[in-house]
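Reader: Could we go through this model together, beginning with the overall layout and then moving to particular side chains?

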Amino acid sequence: MPAVQDHHERVATIPNALTMARILSSPYIGYLIVQQEYAWALGGCVVFGLTDALDGYIARKYNMQTFVGSIIDPAADKVLMTTLTVALTYGGLLPTPLAAVIIGRDVALSLAAFFIRWATLPAPKTLKRYFDLSIPSVEVRPTRISKWNTALQLLLMAATLTSPVLGIPADFAGLVGLQWLTGTTTVLSGIGYLASKDAVHRLTKAEVAKRIPKPRILPKKH
């Protein structure tokens, strides 16, 4: 029988590299907040947002969209959001109950993602293949309420981070109202992800074949 060389999805792309850079930079932004270097932390968030837009543009423009990117791109946003939530709560700029709602929702979705990944992983199911992100099995499709919630969370974090720079008190009515709105959409988006049939799409063999090159048949060794 001829040997078949397995082909995996190409994950070493510029958009994915930019996404990983955002993930790795998030803890440093949190450190700046803890050190009360709010202006520098705000600048870091601006750079984060610009690279987020840039990697999306490059992926679409040069056909570099990957299944891995559909997972790590929102994951990068969540890493930053979690970092900002913890750091701002530690500094007394965000109420603890709201932080618990935001982080609790993300933890629940992360646990669900681990289970879905295992359930949809093509056989044979091994830990090595499970953590090999170049083997696609699912594609994450954000719901509409989730997109609104992400925008509101980013707005809340930006406003909260800007408030000490501009001397705005943490109990300012506008900030409090934004906190309630963000908390409500956070709960609704979590329910939406769990209830939606399209949020996590299991890839068919045909969909995988369109994105991954066909394997080459190697000549039989004599």
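Author: What follows goes from the fold to the core, then to charged and aromatic side chains.

Author: This is a predicted model, in which local features need pLDDT of at least 70 and side-chain atom pairs count only at pLDDT 80 or more, while totals for chains, interfaces and linings use all residues. Residues are numbered from 1 along each chain as its sequence is written, and side-chain values use heavy atoms, with hydrogens and water left out.

Reader: How many helices and strands does the protein chain have?

Author: The protein chain has 8 helices and 2 strands, where helices (H or I, at least four residues) and strands (E, at least two) are DSSP runs numbered from the N terminus. From the N terminus on, the order of elements is α-α-α-α-α-β-α-α-β-α.

Reader: And what share of the residues counts as buried?

Author: Of the 222 residues of the protein chain, 36% count as buried; buried means under 20% relative accessible area, exposed means over 50%, and partly exposed is in between (1.4 Å probe, protein chains only). Among contacts (heavy atoms within 4.5 Å) with a separation of 6 or more, 77% are between residues 24 or more positions apart.

Reader: Which residues of the largest nonpolar core touch the most other members?

Author: That core has 23 residues, and those touching the most other members are I29, I33, L84, L88, M157 and L161. A nonpolar core here is a set of buried Ala, Val, Leu, Ile, Met, Phe, Trp, Tyr and Cys residues joined through side-chain atoms within 4.5 Å. Two or more residues come from each of α1, α2 (38-61), α3 (67-90), α4 (96-120) and α6 (144-166), and α3 gives the most, with 6 residues.

Reader: What is L161 in contact with, leaving aside its neighbours within four places in sequence?

Author: With those neighbours left aside, L161 is in contact with I33, Y38, A41, L42, C45 and L88.

Reader: Staying with α2, which of its residues are buried, and what do they pack against?

Author: The buried residues of α2 are Y38, A41, C45, F48, T51, D55, G56, I58 and A59, and they pack against α1, α3 and α6. The helix α2 has 24 residues and reaches 35 Å from its first C-alpha to its last, close to the 34 Å expected, the expected span being 1.5 Å times one less than the number of residues. Just after α2, N63 takes a positive phi of about 55 degrees.

Reader: Changing topic, how many salt bridges are there?

Author: The count comes to 5 salt bridges, with a salt bridge taken as a side-chain nitrogen of Lys or Arg within 4 Å of a carboxyl oxygen of Asp or Glu. One of them joins D73 and R22, whose closest N and O atoms are 2.8 Å apart. D73 lies in helix α3 and R22 in helix α1, so this pair ties together parts that are 51 residues apart in sequence.

Reader: Which salt bridges does D106 form?

Author: D106 forms a salt bridge with K78, the closest N and O atoms being 4.0 Å apart, and the pair links distant parts of the chain, with D106 in helix α4 and K78 in helix α3, 28 residues apart. D106 also forms a salt bridge with R105, with 2.9 Å between the closest N and O atoms. D106 is buried at 9% and R105 is buried at 8%, while K78 is partly exposed at 22%.

Reader: Last one: why does the pair of Y28 and Y31 count as stacked?

Author: There is 1 aromatic pair, and the rings of Y28 and Y31 have their centres 6.1 Å apart and their planes at 25 degrees, so the pair is stacked. Rings of Phe, Tyr and Trp (its six-membered ring) pair if their centres lie within 6.5 Å, and planes under 30 degrees apart count as stacked, over 60 as edge-to-face and the rest as tilted. Both residues lie in helix α1 (residues 14-34), 3 residues apart, about one turn of the helix. Y28 counts as exposed at 52% relative accessibility, and Y31 is partly exposed at 48%.
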